[in-house]
Structures are given as structure tokens and as C-alpha cells.
Amino acid sequence: MSAMRGAASPEYGGTASVPGDKSIAHRALILAALAQGTSRISRLPSGEDVASTRKAVEALGATVEADGDDWLVTGCEWTSPPGDIDCGNSGTSARLLMGAAAGFEGLKATFVGDESLSRRPMRRVIDPLSRMGASFDGGDTLPITLTGATLGGIDFLQPVASAQVKTAILLAGLRSSGPVRVVEPFASRDHSEVMLAQFGVEGSVEEIVDGHAVSLGDARALTATDVIVSGDPSSAAFLFAGAAITGGTVTVTDLNVNATRTGFLEALDAMGCTVEFANPRDWAGEPVADVTVSRTRTLQPIEWHRDKVPATIDELPLLAIVAAFADGESLLEGLGELRVKESDRLGAVIAGLAANGVSVFPDGDDLRVLGRGAVRGGGRIMVGHDHRIAMAFLTMGLGTKQAITVDDITPIATSFPDFVEVMRSLGANLEDAL
Ligand code: S3P
């Protein structure tokens with residue numbers, strides 16, 4: 001355990017870059033490992049979650065080689081790995097790899113994870129993949145052993161929007177010849193759809209009465225391609241939240257600005273921040289820009305409804321924190337999925353805000369946060385193996401009257417190993433603590 005304090009940072013601001021997007025990186029490794037030929041992946045982030053997927057695809061038979069800062073991945077027919085597939089803390093690794101491996105007949109693989117991942121629900125992917133023909137031994141949580149099979153198609157109505165579930169089904173569907181369609185109530189992040197097209201797979205999307213439908217077409221063979229991983233909006237969100245809280249200005253370069261990921265920027269804009277996009281371009285089918293956030297006036301409270309949840313799923317704890325600095329009561333609706341992330345993030349946010357003097361009113365899956373402009377701080381946060389809870393409350397401390405302590409910063413290495421250095425380079429006052 002290694003504790004740290006975030007303290008008042010009146011000089012906070014400047015320009016920085018963030019690691020490559022974790023979601024895109026997992027997908028790049030998995031699709032390249034399934035494709036015919038060698039793909040070059042550039043700007044692959046160095047966090048532990050993505051390393052779990054990289055090691056897994058290698059264990060499943062793909063060739064993975066470092067080439068300077070790039071990675072070269074050569075795809076193959078996947079085979080049973082020599083040992084367990086250790087997904088560490090990464091739910092995306094576990095769920096996506098199960099989907100991708102499900103269609104290899106006779107492949108047998110046991111998926112394991114750390115204490116946090118071993119508590120997270122896997123039934124949501126096991127059920128549809130079983131319907132397609134794969135078999136699973138184990139319960140609803142890891143460890144789980146998958147046996148691959150020749151798969152049939154599926155028409156699956158997801159009760160909640162989840163890019164991981166959608167992607168697991170689409171990846172399994174690559175090796176099925178039957179029709180494959182996934183419908184979710186609201187569109188979740190679409191990096192799989194974008195990247196499958198880059199690898200030559202046909203697909204289509206449509207809005208129907210039940211929600212957002214994604215289908216695979218007939219062409220499902222993958223051909224190697226090159227992928228440059230754009231900056232992770234969920235990591236950049238901490239840098240931007242720092243600007244919103246302290247009244248500074250921050251620019252993040254080479255940032256992914258896919259519309260299914262820019263919800264937090266939309267929220268900051270609605271709360272009175274200025275959000276500017278410069279130098280727009282395209283990397284591997286994904287929109288990229290340099291984004292600047294500044295706050296020059298009082299933060300306004302916000303009403304954030306459930307249709308907005310998928311585009312902010314990983315930023316909701318941070319949004320609740322920024323709302324604590326607004327002038328009035330904010331409403332964040334439909335936060336139930338936060339209970340099954342790396343920790344119970346809804347519980348962590350409620351406890352963490354209260355410990356820092358903020359009035360919070362939970363009501364089922366909804367949360368009201370009473371902002372009073374200034375925030376006392378002074379709390380100690382137990383991060384419970386959750387990288388985003390650690391980073392969110394350290395960031396909160398930059399704007400509170402008293403410093404905020406988090407009990408353990410080690411989980412930050414799963415997604416943003418340089419978080420402390422990057423924040424300090426912007427003037428954030430982060431100090432080691434007991
Ligand atoms: C992810 C999807 C989201 C998100 C997670 C990454 C992905 O999870 O919270 O950090 O890469 O598909 P859900 O699909 O469970 O909402």
C-alpha cells in the first residue's frame with residue numbers, strides 16, 4: 001500500500017498527453033491476434049490491464065513482438081493456452097477474450113483474475129456465448145473454464161448498455177456463419193464496430209424500437225492492419241476535472257474524441273467550462289483532436305440523465321466530484337452499473353463525498369449532489385483496488401480547502417502508470433502520505 005494526498009493547487013494548468021485508450025488497445029491486440037497477417041500497433045498504452053490482454057493473446061497462440069515503441073502482432077488459429085489466462089484487474093480482458101476464444105472448437109482455457117475481478121459478474125457474457133454454443137465450467141465469477149465450439153448465430157437483447165458484452169458477442173460471431181445481432185438500450189462505446197471495419201469485417205448499425213442494434217455482415221474474415229491508439233478520454237478526464245475544479249486551463253493532445261466517449265466533455269461544457277477542439281484528424285477510423293478545457297466562471301449544477309450514462313460510464317465518479325464544486329444541486333441518474341466496476345463505485349463515491357463534507361442524497365440508482373461552490377475536503381479514501389477511485393479523489397483534493405488522502409495509489413498502474421508525474425507537470429500538488 002502506498003498512500004498519497006491531493007492538496008490545493010492554485011497554479012494548476014498547462015499541456016499534457018495521456019496514455020493510449022485502453023478500450024481501443026484491448027481491441028487492437030485481440031483483432032490483430034485473430035487476423036491473417038501481421039498488424040503494427042503504435043502507442044499501445046503500458047498499463048497492466050492492456051499487458052494482461054497482450055500476454056493472453058500470446059498464450060492463445062498469436063505472435064507478439066516489440067518493435068521499438070510499436071508492437072507487431074501476427075494472428076493465427078487460437079489453441080488452448082499452456083496455463084491459466086490471468087486477466088489481473090481487467091474486466092475488459094476477461095469478457096472480450098472469452099468472446100473471441102469461444103468459436104475455436106476444442107479450445108479450453110481457464111480465466112482467472114485478481115480479488116476485484118474475481119467478484120465481478122461474468123454471467124452477462126456466459127449466457128449469450130452459451131446460447132451460441134460455447135460451454136463454461138465454474139460459477140458466475142472467475143475462475144471460469146471455457147470450452148470453444150462451432151458456434152451458431154444469435155439475436156441478443158442486452159438489458160443494459162455494455163460495450164464489453166456487445167463486443168464479446170461480436171467477437172464470438174466472427175467464427176459463426178449464422179446471423180449475429182446485439183441490441184442495447186442505448187449505444188455503448190463503438191470502438192469494436194470501428195475497428196472491425198478497419199480489419200475488413202462487414203457490419204451495420206440501426207436504431208430500432210428496442211434501442212441500438214449492431215449486426216455482423218457476411219464478410220467476417222479479418223485482415224491485418226495498422227492501428228495507432230489515440231489518447232484515452234477516461235484518463236484525460238482527470239486532467240480536465242482538475243481544470244474545472246481549480247479554475248485552470250488544460251490542453252490534452254492526441255485525444256480520442258469518439259462521440260461515444262465525449263460525454264464528460266459535454267457535461268463540463270454544460271456546467272460552464274469552455275471546451276475547445278483543435279487539429280482534428282483520424283487515427284485508425286477514430287476521430288482525434290487536441291482538446292482544451294478551461295473554467296472562467298462559477299460551475300453550474302447539472303442534470304445527467306440515464307441515456308447519457310454509456311458515454312460517461314467511467315467518468316461518473318469524477319462527474320459527481322465536479323458537481324460538488326458547483327453552485328447548486330446536481331442530479332446523476334441511472335448509476336446502477338457503477339456497483340459492478342473494479343469496486344462498488346457508487347458506494348465509494350457516496351462515502352468519499354460525504355467524508356469530504358459534501359451533502360449527497362442517494363435514491364436507488366440516482367444520486368443528488370449538493371454543490372456549495374467550496375468543498376471542505378480532509379477525508380481519507382479507501383480505494384478498494386480501484387484505479388479510477390484513487391485518481392478521482394486525488395484530483396478532488398486539488399480544489400478542496402483541506403487535502404484529501406487516498407490509502408493506496410498502486411491500482412493506478414492498471415490504466416495510467418504516469419498519472420502522478422503528469423498531474424505534477426501541470427502543477428498538481430500531490431504528496432506522499434502515511
Ligand atoms: C469497456 C466498457 C465499459 C467500461 C470499461 C471498458 C470496454 O464497461 O466501463 O472500462 O472497453 O468495452 P461495460 O461494458 O461493463 O459498461
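User: Where does Ala 28 sit, and is it buried or exposed?

Analyst: In this predicted model, Ala 28 belongs to helix H1, which covers residues 22–34. Buried means under 20% relative accessible area. Ala 28 has 0% relative accessibility, so it counts as buried.

User: Which residues does Ala 28 touch?

Analyst: Leaving out residues up to four places away in sequence, Ala 28 touches Ile 41, Met 195, Phe 199 and Val 227.

User: OK, next helix. How do I read the residues of H2 that are buried?

Analyst: Start with the general idea: an α-helix has 3.6 residues a turn, so residues three or four places apart point the same way. Now the case here. H2 runs over residues 48–59 and reaches 16 Å from its first C-alpha to its last, close to the 16 Å expected. Its buried residues are Asp 49, Val 50, Ala 51, Ser 52, Thr 53, Arg 54, Ala 56 and Val 57. They pack against H1, strands S4, S5 and S6, and helix H3. Just after H2, Gly 61 takes a positive phi of about 120°.

User: And pockets? Where does the largest pocket lie?

Analyst: Rolling a probe the size of a water molecule over the atoms shows where empty space is left. The largest pocket has a volume of about 640 Å³. Domain 1 and domain 2 both give residues to its lining, so the pocket lies between them.

User: What lines the largest pocket?

Analyst: Its lining has 38 residues, with Ala 161, Ser 162, Ile 313, Glu 337 and Lys 341 nearest the centre. By class, that's 10 nonpolar, 10 polar and 18 charged. H1 supplies the largest share, four residues.

Terms used: Residues numbered from 1 in each chain as written. Predicted model: local features only at pLDDT ≥ 70, side-chain atom pairs only at ≥ 80, totals over all residues. Heavy atoms only, no water. Helix = DSSP H or I, 4+ residues; strand = E, 2+ residues; numbered from the N terminus. Buried < 20%, exposed > 50% of the residue type's maximum accessible area, 1.4 Å probe, protein only. Contact = heavy atoms within 4.5 Å. Expected span 1.5 Å × (residues − 1). 1 Å grid on protein atoms, 1.4 Å probe; cavity = no way out; pocket = protein on both sides within 12 Å on 5 of 7 lines; lining within 4 Å. Points joined across faces, edges and corners; volume = space filled by probe spheres on them. Nonpolar A, V, L, I, M, F, W, Y, C, P; charged D, E, K, R; others polar. Domains from an automatic or database assignment.
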